[in-house]
Amino acid sequence: MIDPAWVSVLSAILFIIGVWGAFTRKNAIIVLMCLELILNAANLQFVAAAIQHGDATGWVYAIFAIAIAASEVAIGLAIFLAMYGQHETISLDDVNLLKH
Amino acid sequence: MNIDYLSLMVILPILASIFLLILTSRLNPAARAKFDAPVRMASLIISLAMFVLATLMFLGQIGDVGWNDIAFNNFEFQESYVWIEQLGITWTVGVDGLSFPMVWLTTLLMPITIIATWNEKAGATYFPLMLMLGGALIGVFVALDMFMFYVFWELTLIPMFFMILKWGGKDRKYAAQKFFIYTFTASVIMLLGLLTMYFLMDTQTFSMQEMVVQASGANGNGVWLGLEVQKVLFIMLMLGFLVKLPAAPFHTWLPDAHVQAPTGGSMMLAGVMLKMGAYGMFRLPISLFPHALEEFRFIIMIIGLISLVWGAIVCLGQTNLKKMVAYSSVSHMGVILLGIASMQPLGWAAALFMMFAHGIISPMLFAVCGAFKHHYHSMEIGAMRGMAKHSPWLATSMMFGWMASLGLPLLAGFVAELMLMVAYWYAYGWWILLPGLVLAITAAYYLWSMQRTIFEGGEATQPPESLHGEPVPDIDNSEKIAMLLLAAFTILFGIMPWIFLDMMDMWTRSAMAFLGVGGA
Amino acid sequence: MGGTSETISSTFIEYAIFIVLLPMLAFPIILFLGHIFNGNQTWVKSAKEGGLIALPIMVASFVLSMLLISEFIGKGTGAHHIGDWLSFGWMSADGMTINEKVFGVGIYIDHVTVMLLFVASFLCMLINIFSIGYMNTDPVNDNRNHRFYAEFVLFCSGMLGMVLADSFLWLFIFWELMGLCSYLLIGFYYEKPSAAYAAKKAFLTTRVGDVFLVIGLVMLWNLFDSLDYAVVFNEDLIAQVDPGQLQLALGMMFIGAVGKSAQFPLHVWLPDAMEGPTPVSALIHAATMVNAGLYLVARMFPFFGAPSMAGELVDLAFIIAAIGGITAVMAAAIAFVQDDLKKVLAYSTMSQLAYIFTGLGAALWLANTPGMEKYAIVAFGAALFHLFNHAMAKGMLFMASGSVIHEMHHAHHDLHHHDDHGDDHHDDHHDDHFDAQSMENMGGLASKMPITATAMLVGSASIMGLPLIGGFWSKEGIIANAWRVAREEPLFLFPAFCVLLGAAMTGFYMSRMWLKTFAGKPKTEVAANVHENTPWIPIPLVTLTFVSLSSVILAGMMFTHWSSDSSYAFFSEKGLIDGLIYEFEHIFLNSDAFFFVLTYFVIFIGAIVGPGLAMALYGGSLKDGEKSKPWMQPIINLSSRVNAKRGFDNSAWANSGLSDALKERLYFDKWYDAAMLKLVAGFANISAAFDKNVVDGTIKTIESTSQKLSTQVRRLTTGSARDYIMMAALGVLVIYLMLEVMI
């Protein structure tokens, strides 16, 4: 069996890639994908911990998180579509309506 | 049948106003314009009904009350209902010698204000707001539950805020905000004080009556809650009331609010809303913390003196008629603080009567200012001269109001001033020269403004440019009726002050005996 | 003295309240009717715009007053308590008990009341008659006379109420009511800026005095726990009072009297008050309201007379006399140079009131000094008698001056009207700025206005104190008593010299006024065309002329010993003839050499030196071919002879700095105005700015600072989603770190 530590390292790497991507990329869809990466990093950790401790709670959390992530993607893509329809761009630098 | 008249007087106008507001808001503008007159009439009828009710209560036709025998902490027409059971909050109403004159005054001023602004073309929402204001004010005066008191205290702000905001002058936004922020900040401090007091009490209660009993029991042999705590709470509560009064240096919201407010708003604001501050002082800090009052009496006196003198001097430097009158209110409210600080039943009664007298006189002053603005489109002293010729009714009303305000004998204001001077000399001796000086200054600014408005002019003077060549009008009939009514009551209470003074006197006497304060 | 007289029963005292109430109720009625019928011909002709409604009311008040007076004259005091006005709790000094105190209301009558009541009700009635003649033929008054009559009756109510009141409180209340009416009536011609200014000045100046009066009353209340005469005049109660405190309280009240009676230094309002219609000047500013201050001081007499106060209040007595002395000379000096007929009379009023103050001061001193009490009654009586004589004479003089001015106006109006159509030669004076009040435009009216001239002559003689006429009796008494005190107390030499000097000055300026108006040739064409033809006016003039002339009989009735003490009662056992003999002996053949000389000296300077100088300067015969009545012709002839023989050039004096200063009224008005304008108004403006910028500014600064802060905070919201994510991440980090640190 793989040492849980390595799973945690993989999860950390995924998390960092996700955060880095969310902070730096302009394209909204890529930001959304990076957010998914962050969530998946967390899922990985949940599952790994569940296996190690022999407790099903981690599986349950992971399934919840996947479900939420799916709906989030759906909403996010819908927003981006609407945004594209309105502004003809999905670059986050060009959209700062929240300020107003 | 046992009807709870006081609750009726609180709830009826508020419900009526909500009903009228909802009714008119559902209509489109064209249909709403048709509703203007009926809504106005409905408001007048409701307010008149309340006046009749209050008068019948006073005359003993409703309930058989010996008004002049109500001792301190005893209430008539007392009714109590559970409101929020878990917290011990009740809906308790009742009146005594302190609050009944104020209730009556509110019911008197509501119809008069509506009559005075009858032709203002204010639209269908103005008069319901006036009703709501009146109901909330009565709620403040009859509430015997601390929570209820606070709720109505804040409720008065809402209609007044919208009145200033919607029907005010050029800077109405600023004035409305300032009015709201000042009074709201102050009442938040007051609320903190009230809550602190609630949590420190031995037996926690929201009932003011029980609080007074509890406090006096502890004050009898020691100091309730300890002197330091009493002092802090006293300051917190007084702060809320001082801003409302208003006393210097928290008075600057008043001129702005008055100048921008519509005539009816000014009349109610000066007539009753300012008195809420003084009423609150008597009802809570003074009734609960007599020891702190003794400690702070000199400071209260100084604050009162500053308001009195400062307000009068600033009046002298005003060129805006309404601002001058507003500052004169500040000056007159200082008298109330002096009365409290004199620690004599007479001085307290003077303060109470000042509240009442100023409540009749100042609406007249603001009605005059409003009519002046209405007819001459200007508020500047000197914009219109020779009013005696062009607008004799307005000139007469103005002179009457001004004279009443400067304390002419046989008019209501004089009684309060005389009583105050007697008590004040006894308590503070030669400090009396300052109030004396103010008597002269008050005469100076009023006469100065009359010289430049009522007098002079004549044939040679042109009407003010702001009229754009229209003929100079006099006040219309509804304004005449309002002025005549106010003048009649000013004379009535100047010649027969005992109508309400006796019950006030009974209250102050029994209060002082009950609280064990006073004397040299 | 006050406490010793007995209380007598009376039937009319219960109706006395109507003396006050009738005119007070007439006020709204006249105002209301006038408002409705304004301009209606019946109203103007039959009701005289309210004049004929006011008249019966004033007659009724007068009749009621006379009935009341008839019961009390020369007898004791009477009081009728109507009820409590205010009752209130009063905490004792130890804070243990609360007592009930009251301000009562009622009627109080004694010898002082009787004197003032007669003067007030009589003159109110006569001047009402005069007004109907004067006001209703004045074209300037277009439809506002009902206002005049309404305010007139309200004033009468105030005056009568003040006199009848049974406490200092109600005295003050009616006192203020009079002040209001005075204000309204001075400002009757509201469109004139000078009238508006004068009204304001009068109210404010008296208000300054009133403030002190209130403070004095409050102090007095705190000493006695009451302001009722019946209580405060009680000698047992006075004995328990600290004399120093009492003197302060009375002194404060005296300042109020100074303001109301136009004495130095609060005298500036009276001459300006002549802006009001002449009947108002006659009634309010000469005969009644200005006497209120004297009445107040006279009311203080029992305090001075109380045995326990003996010698304690002499300082105040001296101050009262000294203020009187200063004003007597100052006002007389200013009257020297006035050309306005009414202004001369105004300053004369001031000067004569000052005489009475000096007389009262002397009386109070005598009452307060052990061993001198027996003279106090004489001095007090002389002062009150002078009040009576002066009110009658001055009321008459003002009405006569009103008659002159009125006819001058009419003559000017007629001439002017005539000029518009004809091609007659134009006189330089016929412009719109013709001053009908200036004596420079009059002259030689004695032949054209015989009744007026006679009234003016008798009135002037009474004021000057020509032997046997009017004020002679009382003025002698005042001067003699001032000197009686001065012989005991050197400080009193000052007021005593002042009144002596004043006697000579009075002789001069009153003669000057009469001669400039009635003697000599007409100075303008208007004056040459004056006729006496207005109805109603002669009635009061003739009446008052006889009253002034009959003063000798009043003296015989022991008016100079006016007091409640029955041994000096009106129509005392002596009877009229014996009384007359007593008075004549007393004045002309005084056994005390000092007073013997003094009497003749006063007669010499007042009746010979003063008028003689005036004749030398201003005398002159009438226009050729005109003759006045036989009782005036010798005087005019004499004046013209003196003028021809002894006339001298006074231009050096007239151009001197002193004369300029007097014309400028000794700069008091200027200084007061400057003080008001520069100091008070300046300070007020600074205060207003301070309130706006500093007091309100502080709050505004707090507000704007917090607003700026929030703007800074708002910059964090960039609107970029990335930044929000970043912040969320940072927030998580911070929370994590905090948990780490805390746990």
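Biologist: In this predicted model, which helix among the elements of chain B has the lowest mean pLDDT?

Modeller: Chain B of the predicted model averages a pLDDT of 89, and 96% of its residues score at least 70. Among the elements of chain B, the highest mean pLDDT, 94, belongs to helix α3 (residues 100-116). The lowest mean, 81, is that of helix α15 (residues 387-390) of chain B, so the name asked for is α15.

Biologist: Which element gives the largest share of the side of domain 1 of chain B that touches domain 2 of chain B?

Modeller: Chain B is divided into domain 1 (1-243) and domain 2 (289-520), and the centres of these two domains, taken over C-alpha atoms, are separated by 24 Å. Their contact takes 29 residues from domain 1 of chain B and 29 residues from domain 2 of chain B. On the side of domain 1, the elements that give two or more residues are α3, α8 (208-220) and α9 (227-244) of chain B. The largest share of that side, 9 residues, comes from α3(B).

Biologist: How many residues of the side of domain 1 of chain B that touches domain 2 of chain B are nonpolar?

Modeller: The side in question belongs to a contact to which domain 1 of chain B gives 29 residues. Of the residues on this side, 3 are charged and 8 are polar, while the nonpolar residues number 18.

Biologist: Between which chains are the most contacts found among the 2 pairs of chains that touch?

Modeller: Chain A and chain B can be set aside, since no contact joins them and their closest C-alpha atoms lie 22 Å apart. Among the 2 pairs that do touch, the most contacts are between chains B and C.

Biologist: Which element of chain C supplies the largest share of the side that touches chain B?

Modeller: The contact takes 44 residues from chain C and 50 residues from chain B. At least two residues of the side of chain C come from each of β1 (78-91), α6 (168-186), α7 (193-224) and α29 (668-714) of chain C. That side divides into 29 nonpolar, 8 polar and 7 charged residues. Its largest share, 15 residues, comes from α7(C).

Biologist: Is C:A555 buried or exposed?

Modeller: C:A555 is found in helix α23 (residues 551-556) of chain C, and, not counting residues up to four places away in sequence, it touches C:W473, C:T560 and C:E583. A residue needs 20 or more other C-beta atoms within 10 Å to count as buried. Because C:A555 has 27 C-beta neighbours inside 10 Å, C:A555 counts as buried.

How values were computed: Residues are numbered from 1 along each chain as its sequence is written. Chains are lettered from A and ligands numbered from 1 in the order in which they are written. This is a predicted model: local features need pLDDT of at least 70, side-chain atom pairs count only at pLDDT 80 or more; totals for chains, interfaces and linings use all residues. Two residues are in contact if their C-beta atoms, placed from the backbone, lie within 7 Å. Helices (H or I, at least four residues) and strands (E, at least two) are DSSP runs, numbered from the N terminus. Ala, Val, Leu, Ile, Met, Phe, Trp, Tyr, Cys and Pro count as nonpolar, Asp, Glu, Lys and Arg as charged, and the others, Gly among them, as polar. A residue is buried if 20 or more other C-beta atoms lie within 10 Å of its own, exposed if 12 or fewer, and partly exposed in between; C-beta atoms are placed from the backbone. pLDDT is the predictor's confidence in each residue, from 0 to 100. Domain bounds come from an automatic or database domain assignment.
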